[in-house]
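Subject: Structure for you to look at

Hello,

Here is the structure I said I would pass on. Please open it and follow along with the notes below.

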Amino acid sequence: MGVKAVHRITTGRNGLGAFILQCKKMDFHYCDWAGSSKGMNGFIKSILPKFAAAHPQIEFTVSPRPSKHPVIIGHYINGRDKAICVRNLEPLQILKKVELLRDASGEKLKKVTKPVQSINESVRGIWSPYHGNGMRV
Amino acid sequence: MEAHLVRRPVASCCCRLLQSAASAAPASGSGMQQLISASKRLTITASPAAAPGGARFKSSTSRTKRALNVPPEPSFAKRQDKTTGIIFNPPSSSPSVFNTPFKFLPKSDPRRRANLPSLFTSSTTTKFGPTTGLAGPSSITIGNPPESDDPTLPPAVDPAADIARYRTEKLAVTPEMVAEIRRLRVEDPWTNSGVAMAQRFNVSHSFIRYATRGIRVQKEYYDDLKKWKEDKQARWGPRRRQAREDRARRLGMLFRGEL
Amino acid sequence: MRTSRPDQPFRAVRHQSTSALALDSALEATAADEPYDDGTDHVRFPPLERLPNATKLPSPLPERALTSAKLAALHARLSLPQKLPLQTLARALVDISADENPLFNNVNLAFVGQTITHYHVAEWLMCRYPRLPMTIMYAAMKAYAGDETLHSVARSWGVESAAEPGGEVDSGLLQFSMYKPVSHIGFGYGRKDNSRVEQGRWRRGIANRVLFDDDFGEQIGYDTRKKAQIPTSSQRTFSYGTEETRAAAERAHAAAVRAVVGSVYAHCGREAGKAFIRAHILSRTIDVSTLFEFKSPVVELARLCQREDFEPPVARLLSETGRLSRTPVFVVGIFSGKDKLGEAVAGNLDHARYKAAMNSLKSWYLYSPGENVRVPSEMLVEGSKAWEPTYIDIGEIIHG
């Protein structure tokens, strides 16, 4: 007799205790020859150092990718990555894309229809037809 | 068509009802009356009866939506007399295990002290009567049998089982009886099974189990028992076997809280 | 762009990434004396960038921690205080299967971290659920601080692992070996003869477990799990994706998390360690009511009522529908006198009664003084309010 135990593990709730930024690495690929990479080159020279200093939790890698359009690849903690081609963009527009990558989690884009998503159970419990005053059908 | 839901008035539930148990039945009935009248008021079209009462079909989505509207709780209606008060609106859901019943709260808990009226309306926490010590096999709970209880409480699920526990007389269990039981068990385990001996000596089979503790019957008995079980199970067809396995799995799931 | 020097025939012609630049300057001093050998064929595959020398060291030198971008990113991601140096964090990522030298691996840090973690998780659980039975307490401890959970925590931190441990890997990678057998670190008393327990001849009850076993109720020094016995297979015949490799990875990740906790405690003190555990481990959630598996709840509830001098529990039918139909529903409540202890809904009367008994027992066991209970370690902080005794339960329901 006695109570036995079932083996389970806890679920993490990012942000409740500690917050872990989901973007862990960003690769910046530029090209010295291609005209589409002009904005990217400017971004790397002028804006990237300050952005990288402001985000020490992201690992930044800058490397040339010759004869290709400039691209930014964000790597996330769930193992997925997101690539954004920034051809023919100005440095400030590229900054917006970089901020987009920084703010994203690695999840695939999902259409959200409901206003609330939660793992907590409801305060008043799930409605049961066998409790309360009942309803005449 | 009414769904046939047999209801029993409950004295105290997880959410404490303010009205007494006796008036619970008519109160719910009036509630239902209100519901019916409200739904009647909502009927706009000339259809025979508004859903959910009769017609299952409405000509447009908005009409369906309108017909299936649930009227708000009457207690939320604007109060005419402007007196202050508390609206008690318990949820229509099963109580959660994280809401400890008043009886289970420890004495030091502030929720117990704050809930003093419950202390008087609930049943006494200590039994008035001969209290039993730590359970020994011969002591059986003595108290009021269920059928002589408060009639406002719902009927017991298995009165026979509960009556057996509520024996009003103590059984005369003697060391000689226990020795006899042990002797019989060793002598012929097949005839003197636990259930048979329980009937014979007018005790529970748990008591027989306690009394025969530590007895090792001959090994052949266990082998024969195993063989008897296997022979029985060999005669089952696939459906019966599956049904029994499902039953066992279902019980396992139940005890793990999955069902 | 660099031109090749005559004395360095395999100098990089062009740097493919900026990380090689820093490395280059750091290794310039050593470049002259050591031939550049990273284990690949330089004639067929001329190297584009100079990778760190393949060394015979089992783990990277502590100085390499200062030049690792991954490590610095991990340090910032966890918001670790500046008092915690990068070298310690790098050491916390070196498992015993990668490097046996206790001066360079995370064994001692992991042990300290494990002790602190288990203490804080245990005191929080005991104060929050004072009536939890010991088996469920063990399961809850394992749910919060067990290997599988900490493996999940490590992955949520973005800790990447090196394919093979060695002196040339990045310091920011978790280094462990999937096929090297490693011994468990446990703290407790071992039984004289563990085989008797396995045969079922010696009883291993709760009191015995509290005395001898570890904080999860598992035997120390005697792992009956098959996956713990990792076969000594060589690298050539090694295969990924087996139970052994998964267990090794789980253990290594869990050890890394414990080592990080230990390093926070060692460098930043007791309160910082407690805050770290609260933020990363105790902020996780589990529904404790799903950990229960009962055997005979009706009897157990009867024993409870007997012990507490309540009236004996009686199962009463609150409502029912469809008794003779295909899908009957019975709502059964367990009453002690006039008070309802618990209720449940099921398809037949017996199941409903069992479920109601289980719900009553759960509502007894899961009593909680509140979510933000005070724990004893709060008194170690200066200026804390006077300690009010927390509720201590009489104990479990004893049967038979």
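K24(A) and E160(C) form a salt bridge through their side chains, with 3.1 Å from N to O. Please keep in mind that the model is predicted. Across the interface of chain A and chain C, three salt bridges are found. The two chains also have 14 residue pairs in polar contact, counting pairs with both residues at pLDDT 80 or more.

Which elements of chain A give two or more residues to the side that touches chain C? They are β1, residues 4-5, and β3, residues 59-64. The largest share comes from β3(A), with four residues. Sorted by class, this side of chain A has 17 nonpolar residues, nine polar ones and five charged ones.

Now the contact as a whole. Chain A puts 31 residues into the contact, and chain C puts in 47 residues. Together the two chains bury about 3500 Å² between them. Of that area, 58% lies on carbon and sulfur atoms.

One more item concerns the strands. β1(A) is joined by two bridges to strand β1 of chain C, residues 292-293. How do these two strands run, parallel or antiparallel? They run antiparallel. Within this pairing, the residue opposite K4(A) is E293(C), which belongs to β1(C).

Regards

Conventions
Residues numbered from 1 in each chain as written. Chains lettered and ligands numbered in written order. Predicted model: local features only at pLDDT ≥ 70, side-chain atom pairs only at ≥ 80, totals over all residues. Heavy atoms only, no water. Contact = heavy atoms within 4.5 Å. Buried area = accessible area lost by both parts, 1.4 Å probe. Salt bridge = Lys/Arg side-chain N within 4 Å of Asp/Glu carboxyl O. Polar contact = N/O pair within 3.5 Å; in protein donor to acceptor, adjacent residues only side chain to side chain. Nonpolar A, V, L, I, M, F, W, Y, C, P; charged D, E, K, R; others polar. Pairing = 2+ DSSP bridges.
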